[in-house]
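Let's learn to read a few features together. Have a look at the sequence and the model first.

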Amino acid sequence: MPEGFNWNLWLGVCAERSFIGGEYYHPGNWRKRLDFGTGTLGDMGCHIFDPVFESIGLVPPLSVRSAGPPPNQWNWPVDGKVIYTFAGTPRTADKTLPVTWYDGASRPSAEVLGLIEDEEIPHAGSIFIGTEGVMLLPHINRPTLFPKVKFQDFKLPHVPGMKHWEQFVNACRGDGKTTADFAYAGPLTEAILLGDIAVRFPHIELKWSSWKMKFNLSEANQHIRRKYRKGWEVKGL
């Protein structure tokens, strides 16, 4: 253990265990560990789902199902695939909207990837499939519309804004508010973490009631809240 490192403080609410050196936890591998992180979905989901949530006007999903591997005793899996079903909005064609998350070696089908023509597949991002066209939104870069011939003269609108850390500091000072306040970020984060719970129950469709904060599967409900280590309890949680 590094000299001066407070392992007890670092553990926080998590159950006691022996320290493991090397790169098992640091600098960023703690995100892969069940007790400390939320895997690739929990790590990057809030970034990549954000434009999807805001542009379409989504709320927490109706159901979620994992089609990828489960975690082992200590680690989140890689090569994940999680399928969400959201309620439709005024911006969707149907009463429900499917949103599929892929990570690791898992990829959309050849049919879906064929919709972005000869464009290079970004390391991370989203593909929006609409009734009039398709949009590829890399993380982080400008979107591209397809078919390119159809949208070659389309001018993307200019959206003014500022860096999110500036928004946060200004809001703390009483100057305006953030664009991702708790009313928005709460339901977004809820949706992402529901996918993490589904990963523990592969190939089972979990129906979700956001109002009741419950699944239709009692085993899954055990993961909605965690037990905090003695001395680290928070009243009300």
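Q: Where is Ser126 found?
A: Strands (E, at least two residues) and helices (H or I, at least four) are DSSP runs, numbered from the N terminus. Ser126 sits in strand 4, residues 125-129. A quick note on ground rules: this is a predicted model, where local features need pLDDT of at least 70, side-chain atom pairs count only at pLDDT 80 or more, and totals for chains, interfaces and linings use all residues. Residues are numbered from 1 along each chain as its sequence is written, and side-chain values use heavy atoms, with hydrogens and water left out.

Q: Is Ser126 buried or exposed?
A: Buried means under 20% relative accessible area, exposed over 50%, and partly exposed in between (1.4 Å probe, protein chains only). Ser126 has 10% relative accessibility, so it counts as buried.

Q: Which residues is Ser126 in contact with?
A: Contact means heavy atoms within 4.5 Å. Leaving aside neighbours within four places in sequence, Ser126 touches Ile48, Val52, Met135, Leu136 and Leu137.

Q: And what about Glu233, buried or exposed?
A: With 51% relative accessibility, Glu233 counts as exposed. You'll find Glu233 in the segment after helix 6 (218-221).

Q: At what angle do helix 2 and helix 5 pack?
A: Axes are lines fitted to C-alpha atoms, for helices over the stretch in contact, and angles run from 0 to 180 degrees between N-to-C directions. Helix 2 (residues 39-56) and helix 5 (residues 182-199) pack at about 130°, with axes 9 Å apart. That makes helix 2 oblique to helix 5 (under 35 degrees is roughly parallel, over 145 roughly antiparallel, 65 to 115 roughly perpendicular, and the rest oblique).
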